Amino acid sequence: MFDAATEFDRQLDRLVELGYPALADLPETAFRELVAPLRAAAIAGTAGLPAPTEARVPFLLVITRDLATVEQRLALTTLDGKRKPGFLDRHYGEDDLPTFDPIKELEVPASPAYLLFDVDRGEEFRNLAPSTALDEMTAQGRLPLTIDEGLAFITLYPAALASNRCFSLVGSRCGDKRVPALWISQGAPKLGWCWYGNPHTWLGSASARPERVGLE
């Protein structure tokens, strides 16, 4: 059976193993103490949810850019069973990433770490434009993932990013028609962007339950 407490501990251990405390300029103990209050919420929020699969997971421990930059966290991602680090698409401008903020429909906690529940990589939305996928997931009572959340997904579940199973992150926008997306290039995760109105057969749109639980 799925044990949310054990899974929370695994996710936290994974972040520590990858070096997140150093990225946050915190000792390991302080990093663990910072996110520890979310453990009880992870247990409560996953009641009735099934065990993780490659496509859908009960919850994610999301670390935000308050603690580490997108580029730093991206470089710690790999494909499942591989070693090449994730990288940023060259089409992002030098100062682009800080301009991509959560869309107004999301209530993202003002918190250095938070929980996201019932996360799906959105295979059902493959070959649909992100604009259409957003309408359909909203009709299902779900909302899209942000860049921070997408990075958490492939960091904690590397198998979530697979050939022809890549995904847009419609929850982060910068005021134009670009939508961030995670896909595979040169044998590694790549954070790029696509157009809001363009579909791709290999690209879905990841979604989750609307509620997010941050630190008090």
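Helices (H or I, at least four residues) and strands (E, at least two) are DSSP runs, numbered from the N terminus. This is a predicted model, where local features need pLDDT of at least 70, side-chain atom pairs count only at pLDDT 80 or more, and totals for chains, interfaces and linings use all residues. Residues are numbered from 1 along each chain as its sequence is written, and side-chain values use heavy atoms, with hydrogens and water left out.

**View 1. Thr64, a loop residue between β1 and α5.** Look for Thr64 in the loop that runs between β1 (56–63) and α5 (70–74). Is Thr64 buried or exposed? Its relative accessibility is 5%, so Thr64 counts as buried (buried means under 20% relative accessible area, exposed over 50%, partly exposed in between, with a 1.4 Å probe and protein chains only). Leaving aside residues up to four places away in sequence, Thr64 touches Arg73, Ser111, Pro112, Ala113, Tyr114 and Asp148; contact here means heavy atoms within 4.5 Å.

View 2. In α6 (residues 130–139), the buried residues are Pro130, Ser131, Ala133, Leu134 and Met137. Seen down the helix axis, they fall within an arc of 160 degrees, so they line one face of α6; the arc is that of the directions from the helix axis to the C-beta atoms. Turned away from that buried side are the exposed residues Asp135 and Ala139. Among the elements covering the buried residues are β8 (178–185) and β9 (188–195). Just past the end of α6, Gly141 has a positive phi of about 80 degrees.

**View 3. The largest cavity.** Rolling a probe the size of a water molecule over the atoms shows where empty space is left. On a 1 Å grid over the protein atoms alone, a cavity is a set of points where a 1.4 Å probe fits but cannot get out, and lining residues have an atom within 4 Å of a point. The largest cavity has a volume of about 50 Å³. Which helix gives the most to its lining? That's α7 (147–156), with five residues. Arg73 and Asp148 are among the lining residues, and the lining divides into seven nonpolar, one polar and two charged.

**View 4. The second largest cavity.** This cavity has a volume of about 40 Å³. Its lining includes Pro130, Cys194 and His200, and β10 gives the most, with three residues. By class, you'll find five nonpolar, five polar and no charged residues here.

Methods
On a 1 Å grid over the protein atoms alone, a cavity is a set of points where a 1.4 Å probe fits but cannot get out, and a pocket is an open set with protein on both sides within 12 Å along at least five of seven lines; lining residues have an atom within 4 Å of a point. Grid points are joined across faces, edges and corners, and a volume is the space filled by probe spheres set on the points. Ala, Val, Leu, Ile, Met, Phe, Trp, Tyr, Cys and Pro count as nonpolar, Asp, Glu, Lys and Arg as charged, and the others, Gly among them, as polar.
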